[in-house]
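Dear colleague,

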Amino acid sequence: MAKIFITIRIWEETKEKLENIRIKLIKERNKMVSLAETLEILIEEYNNNHRA
C-alpha cells in the first residue's frame with residue numbers, strides 16, 4: 001500500500017510541475033500545448049543541452 005501511495009504522490013507532484021511548464025509554453029507560443037507535447041519539448045531541450 002505504501003508503494004502505491006508514494007507512486008501516486010510522485011505522479012501528482014510531477015503532473016503539477018508539467019502543468020506549470022505547459023501553461024508557460026501556451027503563453028509563449030500563443031497556442032494550446034498538450035501534456036504529451038510538453039514532455040516531448042522537455043526531452044528535446046534536455047537532449048540538445050546534454051549532447052556529448
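Helices are here DSSP runs of H or I with at least four residues, numbered from the N terminus. Please keep in mind throughout that this is a predicted model.

By that definition I26 belongs to helix 1, which covers residues 2-29. Once its neighbours within four places in sequence are set aside, I26 makes contact with K31, M32 and V33, while its C-alpha is 25 Å from that of H50, a residue 24 places away in sequence.

The structure contains 2 salt bridges. One of them joins R9 to E13, with 3.1 Å between the closest N and O atoms, and both residues sit in helix 1, 4 residues apart, or about one turn of the helix. R9 counts as partly exposed because its relative accessible area is 47%, which falls between the 20% and 50% limits, and E13, at 40%, is partly exposed as well.

A salt bridge also links E19 and R22, whose closest N and O atoms are 3.3 Å apart; these two residues lie in helix 1 with a spacing of 3 residues, again about one turn of the helix. Here E19 is partly exposed at 23% relative accessible area, whereas R22 counts as buried, because its 17% is under the 20% limit.

Turning to the surface, E28, E40, E44 and E45 form a patch of negative charge, to which helix 2 (residues 35-49) contributes the most, with 3 residues. E45, itself in helix 2, is partly exposed, with a relative accessibility of 41%.

With best regards

How values were computed. Residues are numbered from 1 along each chain as its sequence is written. This is a predicted model: local features need pLDDT of at least 70, side-chain atom pairs count only at pLDDT 80 or more; totals for chains, interfaces and linings use all residues. Side-chain values use heavy atoms; hydrogens and water are left out. Patches are made of residues with over 30% relative accessible area and no salt bridge: like charges are joined within 9 Å, nonpolar side chains (Val, Leu, Ile, Met, Phe, Trp, Tyr) within 5 Å. Accessible areas come from the Shrake-Rupley method with a 1.4 Å probe; for residues, only the protein chains shown count as cover. A salt bridge is a side-chain nitrogen of Lys or Arg within 4 Å of a carboxyl oxygen of Asp or Glu. Lys and Arg count as positive and Asp and Glu as negative; His and the chain ends are not counted. The place of a charge is taken as NZ of Lys, CZ of Arg, CG of Asp or CD of Glu. Buried means under 20% relative accessible area, exposed over 50%, partly exposed in between (1.4 Å probe, protein chains only). Contact means heavy atoms within 4.5 Å.
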